[in-house]
Amino acid sequence: MPRKLRVSVDYDKCTGVGACEQVCPEVFFMNDEGLPDVLEEEPHATLWAAALRADEACPEEAVILEWVEE
Ligand code: SF4
């Protein structure tokens, strides 16, 4: 069954450290408020590995990754 990755941020947990953007700037962009915007909510498969690294790099466990069946 094909699946896709859905990316979001729990802004209640996020402290704006920015590790997500450093690891995966294609998906995360630190905005003027110092919080990460999600540029690609359903990133292409070529970005999945970087998105997973961003999840691991986030010190607050604020990156939310969900696998969705297509
Ligand atoms: S690494 Fe985590 S805590 Fe830091 S800005 Fe990204 S989502 Fe927020």
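In the predicted model, the loop between α2 (48–57) and β4 (63–69) contains glutamate 61. The backbone of glutamate 61 adopts a positive phi of about 55°, although the residue is not a glycine. Glutamate 61 counts as exposed, because 11 C-beta neighbours lie inside 10 Å and the limit for exposure is 12 or fewer.

Glutamate 56 is part of helix α2 and counts as exposed with 11 C-beta neighbours inside 10 Å. The C-alpha atom of glutamate 56 is separated by 26 Å from that of methionine 1, which is 55 residues away along the chain. Glutamate 69 belongs to strand β4. With 7 C-beta neighbours inside 10 Å, glutamate 69 likewise counts as exposed. When neighbours within four places in sequence are left aside, the contacts of glutamate 69 are with Met1 and Arg3. Between glutamate 69 and glutamate 41, which are 28 residues apart along the chain, the C-alpha separation is 15 Å.

The protein as a whole comprises 2 helices and 4 strands, arranged along the sequence in the pattern β-α-β-β-α-β. The radius of gyration is 11 Å, close to the 11 Å given by the globule rule for 70 residues, so the protein is as compact as a globular protein of that length. Taken along the principal axes, the box filled by the C-alpha atoms is roughly 40 × 20 × 20 Å. Of the contacts between residues at least 6 apart in sequence, 63% join residues at least 24 apart. Buried positions account for 16% of the 70 residues.

The largest nonpolar core has 10 residues in all. Its members are Val7, Cys20, Cys24, Val27, Phe28, Ala51, Ala54, Cys58, Ala62 and Val63. For cysteine 20, one of these core residues, the contacts beyond four places in sequence are Phe28, Pro36, Ala54, Ala57, Cys58 and Val63.

Cysteine 20 is also among the residues closest to the ligand, together with Cys14, Val17, Ala19 and Cys58. The ligand is surrounded by 13 residues. Divided by class, this shell consists of 9 nonpolar, 3 polar and 1 charged residues.

Strand β1 (residues 3–9) includes valine 9. This valine is partly exposed, because 18 other C-beta atoms lie within 10 Å and burial requires 20 or more. Beyond four places in sequence, valine 9 touches Cys14, Pro36, Val38, Ala62, Val63 and Ile64. Valine 9 and proline 36 lie 27 residues apart in sequence, with a C-alpha to C-alpha distance of 7.7 Å.

Aspartate 12 is located in the loop between β1 and α1 (19–23). The residue counts as exposed, with 7 C-beta neighbours inside 10 Å. Aspartate 12 is 50 residues from alanine 62 in sequence, but the two C-alpha atoms are 8.0 Å apart in space.

Notes: Residues numbered from 1 in each chain as written. Predicted model: local features only at pLDDT ≥ 70, side-chain atom pairs only at ≥ 80, totals over all residues. Near = placed C-beta within 6 Å. Nonpolar A, V, L, I, M, F, W, Y, C, P; charged D, E, K, R; others polar. Rg over C-alpha atoms; globule rule 2.2 N^0.38 Å. Contact = placed C-beta atoms within 7 Å. Core = buried A, V, L, I, M, F, W, Y, C linked by C-beta atoms within 7 Å.
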